[in-house]
Amino acid sequence: MPPKAANTPKITANVVLAPTPAAMDGVLQSLEKALSKVDVCQGSRVRLVKAELEMLQLIEQARDFMAAILQDRTLLKEIFADCLRIGKLRATLEATRFSGKNCEDKRPAECMKVVESVEQLIKDNAWAWGGTEQTDEELDRLMQEALAAEKRALCERRTSVRLAGVHEAVKAFKALQIKKVRKKRNDPVPAILACDDPVALRAMEPNKKKHLGWWMIWTVHRFYLNDPELTILDFTNLQMPSAVVHHIDARAKMVAPKLVGAVATNTHVKRMILANANLQGADGRELGEALRQNSTLRGVDVSSNMLAPTDLEVIFRGAGDSTSLEDLQCQEQLTVDAGRSANTALEALLEALRKNTKLFRVGMRISEPHYNNEINKQIMKNRDVVRRKRYLTQEQLDSELRLQLAAEEEERRQMEIMMEEETSSDSEDDGGGDDFVEEIIDDKPRQSVWDFLGVLPPHDPAMVIHEASASESSDDDDAEAPGDQLAETSVQENVAPTSSEIQAE
């Protein structure tokens, strides 16, 4: 480190500096303080922008300071011959990272070019480290050593850089502990992944509250094996492992990547809910490709995830090629909102609605006027198509029911005709038996009348009528005998009284 002057001036922005070593030391100290301030203000947008602007102004001062003395070799040798100040400035520039529009500022790049020019002049003039001339290789080595020393010193002074190594060590320690604990306890994941029978897999369900990771792996494996009893897959508010930790925990690949890959072959799940489930962009795009091949999913919910407009575009195109999808929820994404302006995602959604007329329910906030109007109109058309298909199906069912009732009525009528024919054939064989039966049937109301009066009925008139008909058939040509008149009189006397006669009595 260069010796600090006793009265090192405090450098602020927009100040013209004198070409002295003390002025350069003041610039370097101000740059270090500004860099530390940028690190501290990383969580605040307003303070961070202010700190970055101050840092850019100091970088501009350093650039102008060096550019002013490039032609004066005496001052250049006096200030930068020991390589410490130029190494410190390079280390500060390499450690600085800007955000937002400040990333496009040209002042850091211009300052770095001036630093390279100063380094090249030091090499070309072979200025000594301590007053003696040295070779280019030795100068390169000295400059690299000075740069490494300044980087180490800078890291020690910056809290965020110093703690970064601590965080990495803690993360590695936790990963090692997790690995050791898994070996000690009874881990069901290997047995779950080795099971190929859905019925046997159902009995291996882990405790969801205690071991959520195991339960998610078990559910995804059931989905992968196409379990007939699994018709709804619900991961609402269950954070699936991110693709960032796949290199740390290999089991993270057994959840989201395996789930979206199995959508193409599953034939029993009708609704898949992945709301706020940490679905990442790559997995979302794979889900969109799998929807093209699935023919049973009727509802998909991927709302409140990390899906960009390009990821939603792939999902929309897959929904358009689907033959069964009716409901798609994709609102409230935690990245760029795809519904604010015209983009390819909204165009793909409109095309999907026109292509898949079964898709009549879409959850997405669209504030872009043109696509909002067109998509709403297409959703209304799709709803009309679904409603007409539903009514047509009901009419077909009613028509089949009417045909079935008509067939049953026709069968009953045919049975009645057959029974009538059998009855008529029996009556022809028996002769007058039918008349006798009819007389008995006609006599039933009279019997009920006598039962009502509480007296016994007279002699059965049917027998008298039968005898009278027999005597008439034996002597048709003879005149009517007095006995016959007496028989008719007896018949008339033995006829049961009617209801009006009974009332009169």
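# Notebook: one protein chain, predicted model

The model is a predicted one. I then looked up burial and noted that 37% of the 505 residues of the protein chain count as buried.

**Confidence.** I looked up the pLDDT next. Its mean over the protein chain is 76, and 69% of the residues reach 70 or more.

One covers residues 433-450, and for it I noted 12 contacts beyond four places in sequence. The other covers residues 459-496, with 11 such contacts in the model.

**Secondary structure and contacts.** I listed 19 helices and five strands in the protein chain. I then took the contacts with a separation of 6 or more: residues 24 or more positions apart account for 73% of them.

**The sheet.** In what order do the five strands of the open sheet run? I read the order as E1-E2-E3-E4-E5, with parallel pairing. The edge strands are E1 (232-234) and E5 (361-363), each of which pairs on one side only. From one strand to the next, the twist averages 5°. As a reminder to myself, strands of a sheet pair through backbone hydrogen bonds, in either a parallel or an antiparallel way.

Strand E4 (residues 327-329) pairs with E5 in the parallel sense, over three bridges. For aspartate 327, the bridge partner in E5 is arginine 361.

**Cysteines.** How many disulfides does the count give? I got zero disulfides. The cut-off is a pair of cysteine sulfur atoms within 2.5 Å. I looked up the burial of two cysteines as well. Cysteine 41 counts as buried because its relative accessibility is 2%, which is under the 20% cut-off. Cysteine 330 has a relative accessible area of 3%, so it is buried too.

**Asparagines in loops.** Asparagine 226 sits in the loop between helix H10 (212-224) and E1; its phi is positive, about 60°, although the residue is not a glycine. Asparagine 237 lies in the loop between E1 and helix H11 (256-262). Asparagine 237 also has a positive phi of about 60° without being a glycine.

I then turned to asparagine 266, in the loop between H11 and strand E2 (271-273). Is asparagine 266 buried or exposed? I have it as buried, because its relative accessibility is 3%. Which residues does asparagine 266 touch, leaving out those up to four places away in sequence? I found Phe223, Asn226, Asn294 and Thr296. Asn226 in that set is the residue I had noted with a positive phi. I also took a C-alpha separation: asparagine 266 and aspartate 227 are 39 residues apart along the chain, and their C-alpha atoms are separated by 8.6 Å.

Note on methods: Residues numbered from 1 in each chain as written. Predicted model: local features only at pLDDT ≥ 70, side-chain atom pairs only at ≥ 80, totals over all residues. Heavy atoms only, no water. pLDDT = per-residue confidence, 0-100. Contact = heavy atoms within 4.5 Å. Pairing = 2+ DSSP bridges. Helix = DSSP H or I, 4+ residues; strand = E, 2+ residues; numbered from the N terminus. Axes fitted to C-alpha atoms, helices over the stretch in contact; angles between N-to-C directions. Buried < 20%, exposed > 50% of the residue type's maximum accessible area, 1.4 Å probe, protein only.
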